[in-house]
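Here is a short report for someone meeting this structure for the first time. Look over the sequence and the model, then read on.

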Amino acid sequence: MNTNRLELTGTVLRPPKRATGINGVPHGYFVLEHRSMQQEAGLNRPVYCKIQVVVSGREAQPLLDSLDSGQPIRVAGFLAWQQSRNGQSRLILHADSIEPIS
(Lines give C-alpha, C1' and ligand atoms only; values in the text may rest on other atoms or scores of the structure.)
Protein backbone atom coordinates (compact mmCIF):
# COMPACT_ATOMS: atom_id res chain seq x y z
CA MET A 1 0.00 0.00 0.00
CA ASN A 2 1.50 3.31 -1.11
CA THR A 3 0.47 6.07 1.28
CA ASN A 4 3.06 8.60 0.08
CA ARG A 5 1.49 9.24 -3.31
CA LEU A 6 1.59 12.86 -4.49
CA GLU A 7 -0.95 14.48 -6.81
CA LEU A 8 -0.22 17.81 -8.48
CA THR A 9 -2.00 19.88 -11.14
CA GLY A 10 -0.41 22.30 -13.54
CA THR A 11 0.46 22.96 -17.16
CA VAL A 12 3.02 21.32 -19.41
CA LEU A 13 5.76 23.85 -20.26
CA ARG A 14 7.18 22.02 -23.31
CA PRO A 15 6.32 18.76 -25.08
CA PRO A 16 8.00 15.72 -23.47
CA LYS A 17 11.46 14.56 -24.50
CA ARG A 18 12.10 10.83 -24.73
CA ALA A 19 15.22 8.81 -24.04
CA THR A 20 16.23 5.22 -23.37
CA GLY A 21 18.32 4.42 -20.31
CA ILE A 22 21.46 2.29 -20.46
CA ASN A 23 19.37 -0.62 -19.16
CA GLY A 24 16.97 -0.29 -22.13
CA VAL A 25 14.10 1.27 -20.12
CA PRO A 26 12.33 4.08 -21.99
CA HIS A 27 11.82 7.39 -20.16
CA GLY A 28 9.90 10.55 -20.97
CA TYR A 29 10.63 13.93 -19.38
CA PHE A 30 8.77 17.22 -19.15
CA VAL A 31 8.41 20.19 -16.80
CA LEU A 32 5.14 20.85 -14.97
CA GLU A 33 4.33 24.39 -13.88
CA HIS A 34 1.99 24.61 -10.86
CA ARG A 35 0.15 27.72 -9.61
CA SER A 36 -2.46 27.75 -6.86
CA MET A 37 -3.73 29.47 -3.74
CA GLN A 38 -3.30 27.49 -0.52
CA GLN A 39 -4.38 28.09 3.06
CA GLU A 40 -1.57 28.50 5.60
CA ALA A 41 -2.11 29.73 9.16
CA GLY A 42 -5.58 30.88 8.15
CA LEU A 43 -4.31 33.04 5.29
CA ASN A 44 -4.31 32.60 1.52
CA ARG A 45 -0.85 32.00 0.13
CA PRO A 46 0.00 31.98 -3.58
CA VAL A 47 2.03 28.90 -4.53
CA TYR A 48 4.20 28.60 -7.62
CA CYS A 49 6.68 25.91 -8.63
CA LYS A 50 8.18 24.12 -11.60
CA ILE A 51 9.05 20.46 -11.26
CA GLN A 52 10.63 17.93 -13.61
CA VAL A 53 8.35 14.96 -14.27
CA VAL A 54 9.66 11.61 -15.47
CA VAL A 55 7.59 8.72 -16.83
CA SER A 56 9.46 5.40 -17.00
CA GLY A 57 8.75 2.01 -18.53
CA ARG A 58 7.24 0.79 -21.79
CA GLU A 59 3.72 0.53 -20.36
CA ALA A 60 3.76 4.16 -19.18
CA GLN A 61 5.00 5.79 -22.41
CA PRO A 62 1.47 6.19 -23.90
CA LEU A 63 0.79 8.66 -21.06
CA LEU A 64 3.09 11.09 -22.92
CA ASP A 65 1.58 10.76 -26.39
CA SER A 66 -1.05 13.49 -26.08
CA LEU A 67 0.91 16.04 -24.00
CA ASP A 68 1.60 19.45 -25.51
CA SER A 69 2.78 22.85 -24.29
CA GLY A 70 0.25 24.76 -22.20
CA GLN A 71 -1.94 21.73 -21.59
CA PRO A 72 -3.48 21.55 -18.10
CA ILE A 73 -2.97 18.13 -16.47
CA ARG A 74 -3.13 16.24 -13.17
CA VAL A 75 -0.06 14.13 -12.39
CA ALA A 76 0.24 11.50 -9.66
CA GLY A 77 3.25 9.54 -8.48
CA PHE A 78 6.11 9.88 -6.01
CA LEU A 79 8.94 12.33 -5.34
CA ALA A 80 12.60 11.34 -5.45
CA TRP A 81 15.84 13.27 -4.98
CA GLN A 82 18.13 13.18 -8.02
CA GLN A 83 21.70 14.33 -8.36
CA SER A 84 22.99 15.07 -11.85
CA ARG A 85 26.47 14.31 -13.13
CA ASN A 86 27.47 17.94 -12.56
CA GLY A 87 26.54 17.67 -8.88
CA GLN A 88 23.29 19.67 -8.93
CA SER A 89 20.41 18.13 -6.98
CA ARG A 90 16.65 18.51 -7.39
CA LEU A 91 13.34 16.85 -6.67
CA ILE A 92 11.79 14.84 -9.50
CA LEU A 93 8.17 13.72 -9.73
CA HIS A 94 8.05 10.11 -11.00
CA ALA A 95 4.58 9.88 -12.54
CA ASP A 96 2.48 6.77 -12.95
CA SER A 97 -0.73 8.65 -13.79
CA ILE A 98 -1.32 11.66 -16.07
CA GLU A 99 -4.81 12.98 -16.79
CA PRO A 100 -5.86 15.95 -18.92
CA ILE A 101 -7.93 18.62 -17.14
CA SER A 102 -10.77 20.20 -19.07
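A41 counts as exposed, because its relative accessibility is 79%. Exposed means over 50% relative accessible area, buried means under 20%, and partly exposed lies in between, with a 1.4 Å probe and protein chains only. A41 is found in the loop between strand 3 and strand 4. Its phi is positive, about 55°, although A41 is not a glycine. Most residues other than glycine have a negative phi.

This is a predicted model, in which local features need pLDDT of at least 70, side-chain atom pairs count only at pLDDT 80 or more, and totals for chains, interfaces and linings use all residues. Residues are numbered from 1 along each chain as its sequence is written, and side-chain values use heavy atoms, with hydrogens and water left out.

**Overall layout**

The chain has zero helices and six strands. From the N terminus on, the order is β-β-β-β-β-β. Helices (H or I, at least four residues) and strands (E, at least two) are DSSP runs, numbered from the N terminus. The C-alpha trace spans about 50 × 35 × 30 Å along its principal axes. Of the 102 residues, 32% count as buried.

Contact means heavy atoms within 4.5 Å. Take the contacts between residues at least 6 apart in sequence: 53% of them join residues at least 24 apart. The accessible surface comes to about 7,100 Å², and 51% of that belongs to carbon and sulfur atoms. Accessible areas come from the Shrake-Rupley method with a 1.4 Å probe; for residues, only the protein chains shown count as cover.

**The core**

Which residues have the most contacts inside the largest nonpolar core? They are F30, L32, V53, L67, I73, V75 and I98, in a core of 15 residues. A nonpolar core is a set of buried Ala, Val, Leu, Ile, Met, Phe, Trp, Tyr and Cys residues joined through side-chain atoms within 4.5 Å. Strand 1 (6-12), strand 3, strand 4 (43-56), strand 5 and strand 6 (89-100) each give two or more residues to this core.

F30 lies in strand 3 (residues 26-40). F30 counts as buried because its relative accessibility is 3%. Leaving aside neighbours within four places in sequence, its contacts include V12, I51, V53, L67, I73, V75 and I98. The C-alpha atoms of F30 and L63 are separated by 12 Å, with the two residues 33 apart along the chain.

L32 has its own set of contacts. Beyond four places in sequence, L32 touches residues including L8, V12, C49, I51, V53, I73 and V75.

**A buried loop residue**

Q71 lies in the loop between strand 4 and strand 5. Is Q71 buried or exposed? Q71 is buried, because its relative accessibility is 17%. A polar atom of the Q71 side chain lies 3.0 Å from the backbone nitrogen of D68. Not counting residues up to four places away, Q71 touches G10, T11, V12, S66 and P100.

**Salt bridges**

Side chains of opposite charge can pair when their charged atoms come close. A salt bridge is a side-chain nitrogen of Lys or Arg within 4 Å of a carboxyl oxygen of Asp or Glu. The count comes to six.

| Pair | N to O distance |
|---|---|
| D96 and R5 | 2.7 Å |
| D65 and R18 | 2.7 Å |
| R45 and E40 | 2.9 Å |

Salt bridges that share partners also join E7, R74 and E99 into one network.

How exposed are the residues in the table? D65 is exposed, at 56% relative accessible area. D96 is partly exposed, at 47%, and so is R5, at 41%. R45 is partly exposed, at 44%, and E40 is partly exposed, at 43%.

**A surface patch**

L79, W81 and L91 form a nonpolar patch on the surface, with about 340 Å² of accessible area together. Patches are made of residues with over 30% relative accessible area and no salt bridge; like charges are joined within 9 Å, and nonpolar side chains (Val, Leu, Ile, Met, Phe, Trp, Tyr) within 5 Å. L79 sits in strand 5 (residues 72-83). L79 counts as partly exposed because its relative accessibility is 41%.

Methods:
Polar contact = N/O pair within 3.5 Å; in protein donor to acceptor, adjacent residues only side chain to side chain.
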